[in-house]
Amino acid sequence: MIDFRVFSSHLLLAGQSVLTATVLAAAIVLPRVGDPVLMLPVTRQAARDLSGRLFDGKTLVLGAGPVSGSLVIKPTGDPAWRAFIAMGVLPLAYPESLCGEPDDG
Amino acid sequence: MVDPHPTIELDRIRARGVLMLASCSWGWIILLGAIAATQHYADVWLAPALAAIVSLPTSIVVLSGRRDPAVRLALALSYAAYPAIAVLVLGGHAWQMDTHLYFLVALAAISLLYDVWAMRAAAGVMAIHHVLAWAIMPRLAFEGGTDLFRLMLHIGAVVVELMFLTMLVRRSKLMIGELAAARAASEAIAADAQANRTAAEAALDSAAKAEQRANGERSRREEAEEISRRREREQLIAIADAFEAGITNLAQSLGGAADALSRSAESLNGLAQETDIRADSVADVATQASDAARAVADHVAALSGVIADMDDRTGQQADHARHARIASATGQQTVLSLIDRATQVEQFARTIGDLSTSTNLIAINASIEAAQVGDAGKGFAIVAGEVKMLAQQARGESHKIEELVALIRAGAAEAEDALKEAGIVLDGASGTADDLRDAMRSQRADAEAARSRSTDLAATADALVEDTDALTGWAEATRRLSTEVRSAATSLSGDVSALLQSTRAFVAQLRAA
């Protein structure tokens, strides 16, 4: 069994700070049910696949995102976020303060 | 970051807080999972996973036993994240914003760590999280849109709560410090009390041992005293027995002595009476002796005269005895002459006897011859017979003469003997007479002495009479004294009996004690 008492306090605090910051950030950026979601592709292929995947009639696309290839959507059902993540698309809560109000039309 | 006043109690409370919050972390995880399961959140496991991720480091170090300030700070940071995850899970729900209250709950829970720095860190993280959420996702943070005042209201609530919680924690720490000091003081007092108790117990133990030794010593002393008392009592009883025996013997001896004394007194009394009587008799006898002594003196004087006369007569008798001795010697010579003459006569008688014998033989021969002659010789035979008869007569006469001579000789011998004896007797008589004369002379001197002694005896008898009178007085005194002695002996017998009874009662009490 590993004796975790050998971990220094600084290492513990640094790790805990990183994790806390990560979780708090995730709590901010992860999409919420009923709210607009910024679909941010991390690759060009992901951007191409995203368009084909979103226009399936189940997702309401509100508009283009602030980043090229990104889209702002509003899920109507149970979105398969993992599938999007597997495609290389990060579903993020839409930051309206940074991107303005999404265009529903 | 380091608490300037750490105490053991505070560390202990903080350790319990760490353990409690670490345990509750997993409660948060389960709660968030449950909330997510009830919501239409896309990924049910996301919220519990986030909570687990943020809880994992603190849980590991807490399970490893660490309770240091870094752990508390890390735990506070993890608690600052849980409400945010709840807000995330309840996104789109009507109660989403109500979940903000759990930031305050989390901050209050962090106060269980009694670490202001942890509380500040958690409050800071919460504030930053709100500011970022307000800045990035205004609608997310505050339903209804961006409102700086609402943000400040929330932050103010956190700050105010932080202030109060800080005050509460500080006061609690002070109280804990005071309690710790009081506890330390009480522990010191308790230690002192324990030390005193130990000392008291040691003292009690020593006292108990001392008491035990004292009890043992007391028991031994009591046993020794009991043995000593028993021995003393035995010795006392032995002494009492000896005393009783001695007193009994003494009493018996005294009783016997008293009886003997009484009897002696009685005897002495009797002797005194008899002495009185005898003294009277002695006085009479002494008087008579005095008279007799005087008479004896007189008689002795007369006897002296008689003795003098006898002395003269004895002298005469001695002279007569000497004369008789001389006569006796003369008669003895005469008897000796008579014996010589008788011897001569005897010789004549023997000659005659020889002649008669020869004549008888001749007569016999003549008879025999006459016989041989026959008738012629008858005459001759007659003459021979006559001659024979004469010879026999002569022989007979000679025998008679010899017998007479023998008688004479015997008588002479007896006379000689008688004369010899008479001479001896006369010699003795002469000596006796001389002795008698000497004795008479001595008797005469003795008589004179006896007369003198008789006179002295008379005087002594007179003195004896006087002494007898004194003796009579003494006998009277002795009689009175013997009476007193007998009374004293009787009293002594009574005292001895009383002494014996008292001794027996004393010894009986002594034995019963």
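Which exposed residues does the face of H2(A) turned away from its buried side carry? Keep that in mind as we look around this predicted model.

Let's start in chain A, with helix H2, which covers residues 44-54. Its buried residues include Ala46(A), Ala47(A) and Leu50(A). These sit on the same side of H2(A), because they cover an arc of only 100° around the axis.

Now for the opening question: the face turned away from the buried side carries Arg44(A), Gln45(A) and Gly52(A), which are exposed. And what covers the buried residues? Among the covering elements of chain A are strands E1 (37-41), E3 (71-75) and E4 (89-93), along with helix H3 (81-87).

## Where the chains touch

Over to the contact between the chains: 39 residues of chain B meet 30 residues of chain A. On chain B's side, the elements giving two or more residues are helices H2 (46-63), H3 (69-89), H5 and H6 (138-141). H3(B) gives the most, with 12 residues. Sorted by class, this side of chain B has 27 nonpolar, 8 polar and 4 charged residues.

## A tryptophan in chain B

One last stop is Trp117(B), found in helix H5 of chain B, which spans residues 116-136. Is Trp117(B) buried, exposed or partly exposed? Trp117(B) counts as partly exposed, because it has 15 C-beta neighbours inside 10 Å, while a buried residue needs 20 or more and an exposed one has 12 or fewer.

Trp117(B) and Pro69(B) are 48 residues apart in sequence, yet their C-alpha atoms are 8.9 Å apart in space.

Technical notes. Residues numbered from 1 in each chain as written. Chains lettered and ligands numbered in written order. Predicted model: local features only at pLDDT ≥ 70, side-chain atom pairs only at ≥ 80, totals over all residues. Helix = DSSP H or I, 4+ residues; strand = E, 2+ residues; numbered from the N terminus. Contact = placed C-beta atoms within 7 Å. Nonpolar A, V, L, I, M, F, W, Y, C, P; charged D, E, K, R; others polar. Arc of directions from axis to C-beta.
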